[in-house]
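Welcome! Here is a short tour for anyone meeting this structure for the first time. Have a look at it, and then read on.

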Amino acid sequence: MTMRDDHSLAGELATEAGERLLELRARLGFEDGRALKDAGDRASHEFLMDALRRLRPDDAVLSEEATREERMDPRRLSAERVWIVDPLDGTREFSEEGRADWAVHVALWERGALRAGAVALPAWPGSAQKPAQGRTLTTAAPPELPEKVREPFRIAVSRTRPPEFVRELAARHGGELVPIGSAGAKIAAVLTGEVEAYVHAGGQYEWDSAAPVAVAVAAGAHASRIDGSPLTYNQGDPWLPDILVSLPDLAPTLLAGIRDLHRQTP
């Protein structure tokens with residue numbers, strides 16, 4: 001079992017899950033959004049769990065769609081290798097016709113660090129919803145980061161609940177806010193040059209960021225908590241409330257700006 005095998009497997013599983021989700025989306029349509037969300041979560045989770053049980057039977061798995069008992073299984077915390085997956089990141093966007101900002105995340109944590117990861121973007125803009133034209137970002141072949149920070153720089157934020165301090169951060173430093181759906185799509189936007197940063201402090205879980213962070217770090221991007229401390233994974237409580245991913249040259253400015261704003265908060 002080589003590192004290359006794990007990188008490739010993450011990419012293959014994320015891509016296959018994404019293709020299955022596109023087929024499900026086309027078959028069920030958008031009339032009943034709740035049913036489409038539930039079917040997508042369930043189908044992708046079952047596919048990924050079955051594949052990992054078969055291909056990596058000795059590894060533990062932490063999935064968003066697992067039961068609470070499965071997530072809290074103490075064997076995961078003592079395991080040397082844990083796959084952290086989000087079978088459908090951005091269910092809201094998945095259930096809305098024409099939206100492409102949803103993703104599938106597959107990451108491998110090993111002995112304290114993320115080792116491999118892939119983010120499938122099956123309905124990437126311009127793909128005409130065809131699986132073969134989607135995109136998967138992986139640690140096997142990390143994307144090349146933009147060479148410099150554009151001005152004004154752009155920060156990806158939640159479509160529905162962007163943190164107020166991020167508005168202030170952008171205003172103080174001449175940045176612009178770009179609403180994007182799933183966390184995976186936001187971090188992918190940093191890696192592909194659509195934006196220069198992603199800042200979030202409204203609460204997340206490990207599966208929301210593990211795979212995109214693995215790819216971001218492999219590509220040379222900055223990834224941390226918003227106070228600059230490391231992002232840690234495979235914790236007993238998978239809650240991971242905030243994150244900053246950016247082009248490396250922009251990170252010092254954003255971290256300093258966040259510190260200044262928090263000092264001024266009464």
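How many aromatic pairs does a search of the whole structure find? The search finds 3 aromatic pairs. Rings of Phe, Tyr and Trp (its six-membered ring) pair if their centres lie within 6.5 Å, with planes under 30 degrees apart counted as stacked, over 60 as edge-to-face and the rest as tilted. One of the pairs is Phe-94 with Trp-102, which is edge-to-face because the planes stand at 80°, with the ring centres 4.9 Å apart. Another is Tyr-205 with Trp-207, a stacked pair with 5.0 Å from centre to centre and 10° between the planes. Ring pairs also link Tyr-205, Trp-207 and Trp-239 into a cluster.

Before going further, a word on what you are looking at. This is a predicted model, in which local features need pLDDT of at least 70 and side-chain atom pairs count only at pLDDT 80 or more, while totals for chains, interfaces and linings use all residues. Residues are numbered from 1 along each chain as its sequence is written, and side-chain values use heavy atoms, with hydrogens and water left out.

**Inside or outside?**

| Residue | Relative accessible area | Class |
|---|---|---|
| Phe-94 | 0% | buried |
| Trp-102 | 0% | buried |
| Tyr-205 | 34% | partly exposed |
| Trp-207 | 2% | buried |

**Strands side by side**

Helices (H or I, at least four residues) and strands (E, at least two) are DSSP runs, numbered from the N terminus. Two strands pair if DSSP finds at least two bridges between them. E6 runs parallel to strand E7 (residues 176-180), and 5 bridges join them; here Ser-158 stands opposite Ile-180. E6 also pairs with strand E8 (residues 197-200) in the parallel sense, over 2 bridges, and Ala-156 stands opposite Tyr-198 there.

**Helices and their contacts**

Helix H2 (residues 33-55) has 23 residues, and its end C-alpha atoms are 33 Å apart, which agrees with the 33 Å that it should span at 1.5 Å a residue. The expected span is 1.5 Å times one less than the number of residues. Buried residues in H2 include Leu-36, Phe-47 and Met-49. At the start of H2, a side-chain oxygen of Asp-32 reaches to within 3.3 Å of the backbone nitrogen of Arg-34.

Ile-187 is found in helix H7 (residues 183-192) and counts as buried at 1% relative accessibility. Leaving aside neighbours within four places in sequence, Ile-187 is in contact (heavy atoms within 4.5 Å) with residues including Tyr-198, Pro-212 and Val-245. Pro-212 lies in helix H8 (residues 206-219) and is buried too, with a relative accessible area of 1%. Not counting residues up to four places away in sequence, Pro-212 touches His-105, Val-119, Gly-184 and Ile-187.

**Backbone details worth a look**

Most residues other than glycine have a negative phi, and most peptide bonds are trans. Against that background, look at Glu-151 and Pro-152: a cis peptide bond joins them, with omega about -5°. Pro-152 sits in the loop between strand E5 (135-138) and E6.

Arg-111, in the loop between strand E3 and strand E4 (113-121), has a positive phi near 50°. Arg-111 counts as exposed at 56% relative accessibility. Asn-234 also has a positive phi, near 55°, but is buried, with a relative accessible area of 5%. The place of Asn-234 is in the loop between strand E9 (222-224) and strand E10 (243-246).

Notes. Buried means under 20% relative accessible area, exposed over 50%, partly exposed in between (1.4 Å probe, protein chains only). A polar contact is a pair of N or O atoms within 3.5 Å; within protein, one must be able to donate a hydrogen and the other to accept it, and residues adjacent in sequence count only if both atoms are side-chain atoms.
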